[in-house]
Amino acid sequence: MYYISLNAVFLSFIELLSSCRKEDVQCNPAPDAFNPCEDIMGRVWLRAAVWVVVITSVAGNLSVLLVLLSARFHMSVSKFLMCNLAVADLCMGLYLLLIATMDARTIGVYFNFAFDWQYGAGCKVAGFITVFASQLSIFTLSILTLERWFAITYAMYLNKRLKLPAAAKIMTGGWIYAITMASLPLLGVSGYSTTR
């Protein structure tokens, strides 16, 4: 009977991960932050972590939307704002799914696809989704925080609460803002693929 220590298993796992590195490739032009000479994720542990985040983000936010939009619950302002936040976070999960899928498709040969990816439709879609999701998420969190602060501060004054129609108008403005910010690189203002 053999006894394998946890240290031996851990060291074997580390050796396996370090042996997964691909052979060195001569890249031209020289690699930089936006044109790496490696896979999108670069490391096996990062690739695994991204897939865990993708699965939990998509499943979790779909569950939140399903519960909050079900007919059993009355739609309040905070639930309405949480639905908007779940949509924003779901978009971020879909962005990560797009990046993780591209990484899986080009593992070991990303340098052959880097330029086409960065200046093609895939990067534009991913860039739009991530900018939209982050802007909508920040906007929604700010409104949700202000609404909760106002409800706690003026708890005794029930007529001084944010009403659902007003919250819908505010969030319509938030969606317009997020779509506008995400669309600017498509209109030539800055870009998704590089930073100048």
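Predicted model: local features only at pLDDT ≥ 70, side-chain atom pairs only at ≥ 80, totals over all residues.
In which helix is the place of Ser137? I looked it up and found Ser137 in helix H5.

**Entry: overall make-up**

I counted the elements and got 6 helices and 0 strands. Read from the N terminus on, the order is α-α-α-α-α-α. Of the 196 residues in the protein, 29% are buried. I then looked at the contacts with a separation of 6 or more: 74% of them join residues 24 or more positions apart. The exposed surface comes to about 13,100 Å², and carbon and sulfur atoms supply 68% of that area.

**Entry: confidence**

I checked pLDDT before reading any detail. The protein averages 79, and 77% of the residues score at least 70. Which elements have the lowest and the highest mean pLDDT? Helix H1, residues 6–19, has the lowest, at 44, and H6 has the highest, at 94. Over residues 1–22 pLDDT stays under 50. For that stretch the model has 7 contacts beyond four places in sequence. I left this stretch there and went on to the other helices.

**Entry: helix H6**

I took H6 next, which runs over residues 164–183 and has 20 residues. From first C-alpha to last it reaches 28 Å, close to the 28 Å expected at 1.5 Å a residue. I listed its buried residues as Ala167, Met171, Gly174, Ala178, Ala182 and Ser183. Why do they lie on the same side of H6? They do so because they cover an arc of only 155 degrees around the axis. On the other side of H6 I found Pro165, Lys169 and Ile176 exposed. The cover over the buried residues of H6 includes helix H3 (77–105) and helix H5 (121–153).

**Entry: nonpolar cores**

I looked for the largest nonpolar core and found one of 13 residues. Those with the most contacts inside it are Val77, Leu81, Cys91, Phe132, Leu136, Met171 and Ala178. H3, H5 and H6 each supply at least two residues of this core. H5 gives the most to it, with 5 residues. A second, separate core has 11 residues, including Val54, Ala100, Tyr110 and Ala114.

I went back to Phe132 in the largest core. Which residues is Phe132 in contact with, leaving aside its neighbours within four places in sequence? I found Cys91, Trp175, Ala178, Ile179 and Ala182.

**Entry: helix H2**

I turned to H2, residues 44–69. At 1.5 Å a residue its 26 residues should span 38 Å, and the end C-alpha atoms are 38 Å apart, which agrees. Its buried residues are Arg47, Val50, Val54, Ser57, Val58, Asn61, Leu65 and Leu68. What covers them includes H3. Val54 from this list is also a member of the second core.

I also looked at Val64, which is found in helix H2. Is Val64 buried or partly exposed? It counts as partly exposed, at 35% relative accessibility. Val64 and Lys79 are 15 residues apart in sequence, and their C-alpha atoms are 9.9 Å apart in space.

**Entry: Asp89 and its polar partners**

Asp89 lies in helix H3. With a relative accessible area of 28%, Asp89 is partly exposed. Not counting residues up to four places away in sequence, Asp89 touches Ser57, Asn61 and Ser137. Asp89 and Thr130 are 41 residues apart along the chain, and I read 9.7 Å between their C-alpha atoms.

I followed two of these partners. Asn61 lies in helix H2 and counts as buried at 11% relative accessibility. Beyond four places in sequence, Asn61 touches Thr56, Ala86, Asp89 and Leu90.

Ser137, where I started, sits in helix H5. Is Ser137 buried or exposed? The relative accessibility is 13%, so Ser137 counts as buried, the cut-off being under 20%. Leaving aside neighbours within four places in sequence, Ser137 is in contact with Leu85, Ala88 and Asp89.

Terms used. Residues numbered from 1 in each chain as written. Heavy atoms only, no water. Helix = DSSP H or I, 4+ residues; strand = E, 2+ residues; numbered from the N terminus. Expected span 1.5 Å × (residues − 1). Buried < 20%, exposed > 50% of the residue type's maximum accessible area, 1.4 Å probe, protein only. Arc of directions from axis to C-beta. Contact = heavy atoms within 4.5 Å. pLDDT = per-residue confidence, 0-100. Areas by Shrake-Rupley, 256 points an atom, 1.4 Å probe, with all protein chains shown as cover. Core = buried A, V, L, I, M, F, W, Y, C linked by side-chain atoms within 4.5 Å.
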